[in-house]
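Grab a pencil and work through a few exercises on the protein shown here. Each one sets a task and then walks through the solution.

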Amino acid sequence: MVNPDKCHLSSQASGILEAHDIKPTVNRILVVKALQASDRPLSLSELERKLLTIDKSGIFRALMLFREHHLVHVIEGGAEGVKYELCHSHDHDHDTDLHPHFYCEECQQTFCLDNLELPDIELPEGYDAHSMNLILKGHCPDCRSKIKH
């Protein structure tokens, strides 16, 4: 018997891909669904552990295509290097929902700080920024409470 929730999630993932002019394939749908199911940005190795039916190169190709089509944010920094999260906006030219992130030095997880805005930075003449990546580092609430006890 087909699970209607799984069909809905696949349909939703296909719609997200199509909205970004990306052809929905099984692998791409699985990568989108894994990113949707996560409550935080994921590294390539974390996605590889979640998606046992897709090899690392297949996941990487999907992520690079998603990046090119502004479907994922790329967060640099942390122990595992680059992490990925789905964009909330669907602008084809640039990300309109950029926000800071927090990297916990204890558990090595990266968290979205959706409720905070990126600071306005006035660049010197001649510079033209097209994106910003702000990551704060320290201890998340869970790790901080463990360290205190």
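**Exercise 1. Find which residues make the nonpolar surface patch of about 410 Å².**

Step 1: The patch is made by I121, L123, Y127 and M132. To qualify for a patch, residues need over 30% relative accessible area and no salt bridge; like charges are joined within 9 Å, and nonpolar side chains (Val, Leu, Ile, Met, Phe, Trp, Tyr) within 5 Å. Areas come from the Shrake-Rupley method with a 1.4 Å probe, and for residues only the protein chains shown count as cover.

Step 2: Now zoom in on I121, which sits in the loop between β5 (110–112) and β6 (135–138). Helices (H or I, at least four residues) and strands (E, at least two) are DSSP runs, numbered from the N terminus.

Step 3: With a relative accessible area of 55%, I121 is exposed. The cut-offs are under 20% for buried, over 50% for exposed and partly exposed in between (1.4 Å probe, protein chains only).

A word on the ground rules: this is a predicted model, where local features need pLDDT of at least 70 and side-chain atom pairs count only at pLDDT 80 or more, while totals for chains, interfaces and linings use all residues. Residues are numbered from 1 along each chain as its sequence is written, and side-chain values use heavy atoms, with hydrogens and water left out.

**Exercise 2. Work out which salt bridges link R40, E46 and K83 in a network.**

Step 1: Look for a side-chain nitrogen of Lys or Arg within 4 Å of a carboxyl oxygen of Asp or Glu, which is what a salt bridge means here. The structure holds two of them.

Step 2: E46 pairs with R40, with the closest N and O atoms 2.9 Å apart. E46 also meets the side chain of K83, at 3.8 Å from N to O.

Step 3: K83 is in strand β3 and E46 in helix α3, so this pair ties together parts that are 37 residues apart in sequence.

Step 4: Look around K83. Beyond neighbours within four places in sequence, its contacts (heavy atoms within 4.5 Å) include P41, L42, H73 and T110. K83 and H73 are 10 residues apart in sequence and 8.2 Å apart in space, C-alpha to C-alpha.

**Exercise 3. Is H101 buried or exposed, and what does its side chain meet?**

Step 1: H101 lies in strand β4 (residues 101–104). At 4% relative accessible area, H101 is buried.

Step 2: A polar atom of the H101 side chain lies 3.2 Å from the backbone oxygen of H99.

Step 3: Leaving aside neighbours within four places in sequence, H101 is in contact with residues including P41, I75, F111 and L136.

**Exercise 4. Find which residues touch the most other members of the largest nonpolar core.**

Step 1: A core is a set of buried Ala, Val, Leu, Ile, Met, Phe, Trp, Tyr and Cys residues joined through side-chain atoms within 4.5 Å. Of the 24 residues in the largest one, V31, L35, L63 and F66 touch the most other members.

Step 2: Elements giving two or more residues to this core include α1 (4–19), α2 (26–37) and β2 (72–75).

Step 3: Not counting residues up to four places away in sequence, L35 touches L42, L47, L63, V72, Y84 and L86.

Step 4: A second, separate core of five residues includes C104, L113, C140 and C143.

Methods. Polar contact = N/O pair within 3.5 Å; in protein donor to acceptor, adjacent residues only side chain to side chain.
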